[in-house]
Amino acid sequence: MDRAEEYVNNSFLLRDVLGVTINLWLMFLVLAVMHVLCSFQLVASLMIRDAFVIMRRRWSNHLEQRNTLLKALRGMILLTSDWSVIYIYLYLMFSLAGLLISPFFFVFHLFDIIPRSRILHHVIMAITKPARSLAMTCILGIIIIYTFAVVAYVFLRSAYVIDSDGEGSYSTCDSVFQCMLVTTAEGLTHGGGIAEFLDPKDYQESNVFTAMFGLRYFFDILFFVVVFIVLLNIIFGIIVDTFGELRAIRSRTEEEMKDFCFICSLSRYTLDHEGSGFTNHTRNEHRMWNYLFYLLYIQSKPVYDLTGLETYVYEKYRKRDPSWFPVGRAQCVEQCVK
Ligand SMILES: [Zn+2]
């Protein structure tokens, strides 16, 4: 809060830009108010456009609920459990905080680049998708570092004593917890592992054959190899592999969208040579949006009014059975073969 006030008092003054004096504070105020209004508009459009769809989707399991008030209340609770809704609310809250509390709250809105960029979305997915593997590896890492901390506390406490300039020396390993904190932070942030932080080893010949020297020697090397090389690279490997996997899936999907009909899966080559042409086929004969409209139409129609064909498709759709799609078949190809 103090920093924000300081920033406002020092920087938001009158400035001369190209001979014109402008009041930066006023300019900020106008932009901030516009931002808040836009955020409100975003929330309003979400409420009007998406809220009912989300509520309906979540409601489908609670249709037996007859009380409208209870239904609405449950809908509101369900609505706040949707991530896209929570994000929009946060967007508005940070915008208001930016205007009313401190302009620094507007930093949150820079992250809006993530949901808007498909590439960045994949970068985030590369961390969130293997979250379980990453979490388990991290737990293993904590256990390994804890083991090192316990060994350090029992045998190598003297190596954790550091000299502070001119103020004597103090120990950074008076308890296992303190040892754990120091080993984790210093071991992971130094290029050579924990060895770079600890007291230098005494390599004099009279010392190298002692048990303590041997323990310290292997302690440093093992920490470097196990934690710094193996463990960290496993974590990087998981993230990089997932990113590569996602990229491969995306490029395969894009290829399929470009060269195969979404409905019948016939290839561009087959449709161009034996049918009515790929573009004509996907735009007019097997237009995927028409299939979606048809499904929405069937869902919105009362069950008793469905025709025989519609009931057939509706039943298949409910069982998530895609066999009603003409996979591998298209009238234009069949007519051409005849
Ligand atoms: Zn097709």
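Which residues have the most contacts inside the largest nonpolar core? Please bear in mind, as we look, that this is a predicted model. The residues in question are Ala-152, Tyr-160 and Cys-179, and the core they belong to has 16 residues. Two or more residues of this core come from each of helix 8 (131-155), helix 9 (176-189) and helix 10 (211-259), and it is helix 8 that gives the most, with four residues. If we leave aside residues up to four places away in sequence, Ala-152 touches Tyr-160, Cys-173, Cys-179 and Thr-183. There is also a second, separate core of six residues, which includes Cys-264, Leu-271, Phe-278 and Ala-330.

Let me step back to the whole chain. The protein chain has 15 helices and four strands, and 10% of its 338 residues count as buried. Among its contacts between residues at least 6 apart in sequence, 59% join residues at least 24 apart.

Helix 5, residues 83-100, reaches 25 Å from its first C-alpha to its last, which is close to the 26 Å expected for its 18 residues at 1.5 Å a residue. Buried in helix 5 are Tyr-91, Ser-95 and Gly-98. Seen down the axis of helix 5, the buried residues fall within an arc of 65°, and therefore they line one face of the helix. Those buried residues pack against helix 2 (24-49), whereas the face of helix 5 turned away from the buried side carries Ile-86 and Leu-100, which are exposed.

Technical notes: Residues are numbered from 1 along each chain as its sequence is written. This is a predicted model: local features need pLDDT of at least 70, side-chain atom pairs count only at pLDDT 80 or more; totals for chains, interfaces and linings use all residues. A residue is buried if 20 or more other C-beta atoms lie within 10 Å of its own, exposed if 12 or fewer, and partly exposed in between; C-beta atoms are placed from the backbone. Two residues are in contact if their C-beta atoms, placed from the backbone, lie within 7 Å. A nonpolar core is a set of buried Ala, Val, Leu, Ile, Met, Phe, Trp, Tyr and Cys residues joined through C-beta atoms within 7 Å. The expected span of a helix is 1.5 Å times one less than its number of residues. The arc is that of the directions from the helix axis to the C-beta atoms.
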